[in-house]
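This report is meant for a reader who is meeting the structure for the first time. Please keep the sequence and the model in view while reading.

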Amino acid sequence: MRALTPLPYPPVQRSGAVLALLTATQFLVVLNTSVVNVALPAIGSDLGAGQAGLTWVVGAYVLAFGALLPVGGRLADLFGSRGVFLAGLALFAAGSLAASIPTGAGPLIAARAVQGVGAAAASPAALALLLAQSPPGRVRGRALGLWGVASAAGGAAGVLLGGVLTDALGWWSVFAVSAIATVPVLLSAPRLVPRDSRGRTGPLDLPGSLVMTAGLVLVVYGLGTRGGSTVLGVLLPAAGVFLLLNLVSIERRAKNPLIPPALLRNRSVMAGNLLMLPLGMVWLGTFFFLPLYQQKVLGHGPVTAGLTQLPLAAALMAASALAGRLRGTLVPGFVLLAGGLFWLARLPLDGAFLTDLLGPTVLIGLGLGLAFVPLTALGVTGVDVRHTGVAGGLVNTTRQVGGALGLAVLGSLAAPAAASAGAGPVALAHGYRRALVGAAVIAVLAAIGAGAHQRIDARAHQRIDARANTRTSKPIAEKEPS
């Protein structure tokens, strides 16, 4: 077995090319979480898929992607990030190509699941490679900023690109474009990405992997698909939580645990994941309710709704790039996010883009970007090179689970509020406003939690510095003259 050593940091020129390739992968992975949404009516019409089938066209990708991220990250740690990255990309391209062939709803759902499995391998491996290519400090900060930009751009481009491609070529083209775009990345990676210097440290923790994946599937499906409003919507997440709690005892007995104990003892990793959960709740909740408000209350068409969200996406990308260069953006990010959501919740029934939408959506975009990048950095801070894959997968899983939880919580706020207001756009607006206020409150609580973490972290560093100063400044006893 070879020694486990960090990957050497490459020359700047090569590092830039590798960074572009890795962030392009993240863009494609995130793009496929939203690119299909606008195409769903056309898919239903062409393939004869009902509402349940269309739900699984979206859910198969999200479930496979979110639930398998920790396993994909651990595989990258055990068998090398480069190999898992290439295998994940190949699987993602194959799933995209299969999804573009209109053979039926069942094959399409299966192809989407294959896409999700490939994405779950490629994304954490890409983040591990990005960390290995970026020396700690400003270089790594800028790299994580670009990672955030790619994530934001993928989410925003999905909505707009899905509508344009569906109108111009047909729904199948949204998957064909993903397959085509993956090819140059897949062909360039073997030449640009250096081989891992890591060796295999042991077999994959299969019992832990199965239990964690099953638990996450039950939680995400129960909360996201069922919405928490039915008996199954309560029982499935409860069963998932039960499995995840049992994972602790399984991991204690495992020789090569899926989640290394060192990660659970790392204060930064735990803080990053705990705070990423509310960010995921607010992120997905906002991008779910805002288009509904625009289309069902303000009367915007799908393309108009997509275009009017471009300033939000631009602000998110700009803030992500800025957060990669600055420190201390986490609390201001959550504060801006809360302010934008409170402002947006006052949106009138006849609201106009320039006077009522532009300001709050730009604030929301700035807040998301300023918070997302430092939370991603926290999730991998102080992590041994052997565990960067699973750490990156874990923090991304937390955001996915947070998104499902956010839809359930905010949906449970919106539905009763809308029902109490009657029917029609007025009732819908009442429900959407209640959901946006709930999202703003979550952002406020997250800001308080982030501030508390920073204070605790600062005091811990002060104690460490004080002990170090005490040891170095202790006077050396002089010899008495004889």
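## Basis of the report

This is a predicted model, in which local features need pLDDT of at least 70 and side-chain atom pairs count only at pLDDT 80 or more, while totals for chains, interfaces and linings use all residues. Residues are numbered from 1 along each chain as its sequence is written, and side-chain values use heavy atoms, with hydrogens and water left out.

## Helix 11 and its two partners

Two packed helices are described by the angle between their axes and the distance between the axes. Helix 11 (residues 267-297) packs against helix 14 (residues 330-344) at an angle of about 30°, and their axes lie 12 Å apart (helices are DSSP runs of H or I with at least four residues, numbered from the N terminus; axes are lines fitted to C-alpha atoms over the stretch in contact, with angles from 0 to 180 degrees between N-to-C directions). Helix 11 and helix 14 are therefore roughly parallel to each other (angles under 35 degrees count as roughly parallel, over 145 as roughly antiparallel, 65 to 115 as roughly perpendicular and the rest as oblique). On the helix 11 side, L275, L279, V282, T286 and L290 meet L330, F334, L337, L341 and L344 of helix 14, where contact means heavy atoms within 4.5 Å. These residues divide into nine nonpolar, one polar and no charged (Ala, Val, Leu, Ile, Met, Phe, Trp, Tyr, Cys and Pro count as nonpolar, Asp, Glu, Lys and Arg as charged, and the others, Gly among them, as polar).

The axes of helix 11 and helix 15 (residues 353-379) come within 9 Å and cross at roughly 155°. That makes helix 11 roughly antiparallel to helix 15. The contact includes G272, M276 and W283 of helix 11, together with I364, L368 and F372 of helix 15 among its residues, and it divides into 14 nonpolar, seven polar and no charged residues.

## Helix 5 against helix 16

Helix 5 (residues 105-133) and helix 16 (residues 388-420) pack at about 125°, with 8 Å between their axes, and they are therefore oblique to each other. The contact joins S123, P124, L127, A128 and L131 of helix 5 to T388, G389, G392, G393 and N396 of helix 16; four of these residues are nonpolar, six are polar and none is charged.

## The cavity

A cavity is a set of points on a 1 Å grid over the protein atoms alone where a 1.4 Å probe fits but cannot get out, and its lining residues have an atom within 4 Å of a point. The count comes to one cavity of 30 Å³ or more, and the largest cavity has a volume of about 50 Å³, the volume being the space filled by probe spheres set on the points, which are joined across faces, edges and corners.

A156, V159, F287, G306, Q309, L310 and A313 line the largest cavity, and helix 6 (138-168) and helix 13 (310-323) are the elements that give two or more residues to this lining. The lining divides into five nonpolar, two polar and no charged residues.

Key. On a 1 Å grid over the protein atoms alone, a cavity is a set of points where a 1.4 Å probe fits but cannot get out, and a pocket is an open set with protein on both sides within 12 Å along at least five of seven lines; lining residues have an atom within 4 Å of a point.
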